[in-house]
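Student: Could you take me through one part of this protein in detail? I would like to look at how its inside is put together.

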Amino acid sequence: MTTTLTSRPVPERSGRVLPRPPSILRTGVRLPEVRWAALALLLFLVGGTLQLGGAPTWAVWTAYLACYAAGGWEPGWAGLQALREKVFDVDLLMVLAAIAAAAIGQVLDGALLIVIFATSGAVEAVITQRTADSVTSLLTLAPERATRVDAATGAEEVVDVSDLVVGDVVVVRPGERVGADGTVLDGLSDVDQQAVTGESVPVPRGPGDEVLSGTVNGTGALRVRVDRPAGESVIARVVALVEQASATKARTQLFVERVEQRYSIGVVVATLVVLAAPVVVAGSSFEDALLRAITFMIVASPCAVVLATMPPLLAAMANAGRHGVLVKSATVMEAVGRTTVVAFDKTGTLTEGAPEVTGVTTTGRLDEDQVLRAAAAAEQFSEHPLGRAVLRAVHERGLEVPAAHDFRALPGRGVVASADGHTVRVDRAERPRGEVGRGTVVAVHLDEALVGTITLVDRLRPASPGAVAAAAALTPHPVHLLTGDDEAVARDVAVRTGITAVHARLLPADKSRLVGDLQDAGERVLLVGDGVNDAPALATAATGVAMGRHGADLALDTADVVVVRDEIEAVPRLMALSRRARRTVVANLVIAAAFIVVLVSWDLVGNLPLPLAVAGHEGSTVVVALNGLRLLRGKAWDS
């Protein structure tokens with residue numbers, strides 16, 4: 001029976017379905033920080049309403065003290081835990097300032113401090129959790145099962161890959177992932193190794209060839225002998241490299257974290273001096289000295305300093321998230337702007353990981369368009385990336401694809417079909433004489449006679465040259481290209497993107513070592529990658545950025561930043577946004593410091609009323625918070 005096939009549209013390269021971000025409300029309800037902050041705000045509003053309505057003092061105080069408990073117990077407990085480790089942090093200082101305000105009858109001012117501090121922590125928790133949820137939803141865990149063949153009976157059994165031992169034989173069907181490192185015993189197929197080795201085109205595999213766990217089988221079925229247990233596979237070694245790099249990677253602190261410890265201790269010491277000095281030296285009453293000391297603690301407390309840093313970074317994270325870039329923490333958001341060297345992986349990062357036709361040669365029997373039409377006739381129902389690229393080229397040229405019948409895939413070799421009364425075979429070929437060693441060449445045969453060849457190379461992302469140029473403009477050193485592919489292919493991509501520092505034929509450990517060497521020399525490296533082979537280097541880099549749509553799970557989990565829609569141009573935009581956030585942080589710190597200096601001087605030299613002190617203190621926090629929120633505007637991302 002003969003089946004005639006007609007042309008169909010060229011399918012887009014598959015990838016992850018982009019997740020719908022979880023709603024802020026749903027995320028917030030799950031977080032205890034948000035629930036406690038919401039309760040504190042509600043109790044504060046209840047207390048304010050009672051106070052304005054002339055309610056009894058006990059009722060007002062009960063509401064405000066409940067607000068203290070709801071919003072202050074968690075930071076207070078965290079502060080006490082830190083104190084046990086001989087660390088005095090801003091959490092405990094803020095709670096002490098609020099308690100001191102209540103001690104002199106200013107319970108409203110203390111409750112306001114608690115609400116502001118709790119709300120800031122809740123906002124940070126929501127944004128951080130939404131980012132974590134979005135990254136988690138992108139991950140699709142690699143299959144951890146394999147089909148083992150019983151040596152005695154030939155029966156098949158599905159087992160965990162961890163149960164496989166050296167010598168076991170497994171069957172890998174078309175489209176399945178290879179469950180273990182091993183050697184092909186029987187069968188022919190093309191295996192997509194891009195995520196592990198960085199090779200942009202599936203490689204032929206047959207008897208005697210090695211296959212790696214985590215790679216994806218093509219159109220043929222393979223019987224594979226297990227050569228290494230799961231714990232010693234290439235993937236396992238890469239994971240070990242990632243864990244080692246993560247363990248040795250120094251924890252980066254926010255600027256405010258580096259100063260708040262000393263500042264908090266300084267405020268406490270200064271408050272004790274302000275309390276004791278007037279009593280001992282000038283003979284002032286203890287009550288007057290206590291009021292002045294508490295006023296000093298409130299105006300000197302680093303609430304505005306903390307809010308000077310977090311709102312700009314959180315706003316920048318939210319802005320980046322709206323544009324498909326997930327930044328996993330405020331620390332990462334700040335670090336991105338301090339990058340001095342940017343490095344890109346090639347396959348799936350600068351390129352799309354999908355081939356395109358770049359050249360057609362003929363033997364003279366057919367012209368170029370006819371060679372392409374003949375190849376497309378045979379390839380039109382192939383799932384191989386090379387076949388899809390040929391079809392795409394034919395459609396782009398406006399050519400008609402002939403109907404075909406008797407289509408057969410030749411696993412590990414190519415395809416064959418009948419079209420227009422001829423047998424057409426397309427398979428891999430030697431490179432034409434004199435051609436530069438880049439890309440893949442396929443031969444087109446008509447009735448077993450060679451009629452031409454087609455050269456295909458990994459398709460460059462249209463935005464890659466611009467992204468490289470923009471990244472280079474933001475850093476003092478040249479952009480680097482890191483790839484496991486061969487030198488000729490790497491050089492070709494480097495020329496097309498404007499990269500001058502090229503490193504080819506790199507194993508995962510080589511990439512990690514190269515990034516480590518740059519950082520040992522004092523550079524801060526931002527690495528962009530997408531594959532399992534990039535994961536160790538992503539963990540080693542000061543900032544690791546993963547391409548999310550087609551990126552390997554290990555890469556997404558390891559990276560500090562995920563570009564969800566694979567928009568390479570988002571990388572320099574994120575760097576620019578981070579730098580703008582840093583400038584905003586510096587401006588906020590100057591504003592906060594100015595308020596603190598003025599209010600502290602007024603309290604020490606003159607007589608600063610406590611309500612005015614609280615108003616000035618809270619005013620400074622509002623000013624710096626609003627200034628930071630300007631980074632939510634779309635203009636901050638686009639400019």
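This is a predicted model: local features need pLDDT of at least 70, side-chain atom pairs count only at pLDDT 80 or more; totals for chains, interfaces and linings use all residues.

Tutor: Happy to! L574 touches A320, V325, V327, M333, V336, V561 and W637, leaving aside residues up to four places away in sequence. L574 and V327 are the residues with the most contacts inside the largest nonpolar core, which has 67 residues. Helix 20 gives the most to this core, contributing 12 residues. A second core of 31 residues is separate, and A376, L386, V401 and L456 are among its members.

Now follow helix 20 to one of its partners. Helix 20 spans residues 570-605, and the buried residues of helix 15 pack against it. They also pack against strand 12 (341-345), helix 12 (346-350), strand 18 (449-460) and helix 16 (487-497). Which residues of helix 15 are buried? In this helix, residues 464-474, they are S464, A467, V468, A471 and L474. Around the axis they cover an arc of only 125°, so they sit on the same side of helix 15.

For a contrast, turn to the aromatic rings. The structure holds two aromatic pairs. In one of them, the ring centres of W36 and W73 are 5.5 Å apart with the planes at 75°, so this pair is edge-to-face. W36 belongs to helix 2 and W73 to helix 3, 37 residues apart. W36 is partly exposed, at 33% relative accessible area, and W73 is partly exposed at 40%. The other pair is F44 and Y64, with centres 5.9 Å apart and planes at 45°, so it is tilted. F44 lies in helix 2 and Y64 in helix 3, 20 residues apart. Both F44 and Y64 are buried.

Notes
Residues are numbered from 1 along each chain as its sequence is written. Side-chain values use heavy atoms; hydrogens and water are left out. Buried means under 20% relative accessible area, exposed over 50%, partly exposed in between (1.4 Å probe, protein chains only). Helices (H or I, at least four residues) and strands (E, at least two) are DSSP runs, numbered from the N terminus. The arc is that of the directions from the helix axis to the C-beta atoms. Contact means heavy atoms within 4.5 Å. A nonpolar core is a set of buried Ala, Val, Leu, Ile, Met, Phe, Trp, Tyr and Cys residues joined through side-chain atoms within 4.5 Å. Rings of Phe, Tyr and Trp (its six-membered ring) pair if their centres lie within 6.5 Å; planes under 30 degrees apart count as stacked, over 60 as edge-to-face and the rest as tilted.
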